[in-house]
Amino acid sequence: MRIIRSVRHKVCVDGAFMKEVLLDGPVTPPFVEFLKSFGDVMLLPDIGPGFFKFEFRDGFTIKGWTGDETMEIRYRREVQDLCEDFVSVLFYYYHDGRPDMKRLMRMAAALNEKIDRRLHGTQS
């Protein structure tokens, strides 16, 4: 699964930067399961069947519906530059359903350390 392009951008009231992105195919339940390896996933059926929200600690959130070819990615303003590449990598490496999890986990841990240094002056 790859991001084809960003179709809408806006700055949110809380200062976050939101991008609505178009994907090269629909979001699948296995992709949502894949995201659980990198943060918290909430399934919110009261909002609609297949709705999910993924949170990468202190960095970004992804919201969408399984079956849709678009989703919303919201970056925390202070760390947007650190997170955008990682988001692209998550989608790129998932493309065939057999991602290199060891490599992605190392990248996620490195990103967490960078976010902690920037936001708190500390490391995880």
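Let's start at a turn: in the hairpin formed by E5 and E6, with 4 residues between the strands, Gly67 adopts a positive phi near 95°. Strands (E, at least two residues) and helices (H or I, at least four) are DSSP runs, numbered from the N terminus. The model is predicted, so local features need pLDDT of at least 70 and side-chain atom pairs count only at pLDDT 80 or more, while totals for chains, interfaces and linings use all residues. Residues are numbered from 1 along each chain as its sequence is written, and side-chain values use heavy atoms, with hydrogens and water left out.

**Strands and hairpins**

- E5 and E6 pair in the antiparallel sense over 4 bridges; two strands count as paired if DSSP finds at least two bridges between them.
- Across these strands, Thr61 stands opposite Arg74 in E6.
- Strand E4 (residues 51-56) also runs antiparallel to E5, joined by 6 bridges.
- Phe54 has Ile62 in E5 as its bridge partner.
- A hairpin with 3 residues between the strands is formed by E4 and E5.

- Asp58 lies in the loop between E4 and E5.
- Although Asp58 is not a glycine, its phi is positive, at about 60°.
- Asp58 counts as partly exposed because its relative accessibility is 28% (buried means under 20% relative accessible area, exposed over 50%, partly exposed in between, with a 1.4 Å probe and protein chains only).

**Aromatic pairs**

- A search of the whole structure finds 13 aromatic pairs; rings of Phe, Tyr and Trp (its six-membered ring) pair if their centres lie within 6.5 Å, with planes under 30 degrees apart counting as stacked, over 60 as edge-to-face and the rest as tilted.
- One of the pairs is Phe31 with Tyr94, whose ring centres are 5.0 Å apart with planes at 70°, so this pair is edge-to-face.
- This pair links distant parts of the chain, with Phe31 in helix H1 (residues 29-35) and Tyr94 in helix H2 (residues 80-94), 63 residues apart.
- Phe31 and Tyr94 are both buried.
- Phe60 and Tyr75 make a tilted pair, 6.3 Å centre to centre with 45° between the planes.
- That pair also links distant parts of the chain: Phe60 belongs to strand E5 (residues 60-65) and Tyr75 to strand E6 (residues 70-75), 15 residues apart.
- Phe60 counts as buried at 2% relative accessibility, and Tyr75 counts as buried at 4%.
- One aromatic cluster takes in Phe31, Phe34, Phe38, Phe54, Phe56, Phe60, Tyr75, Phe86, Phe91 and Tyr94.
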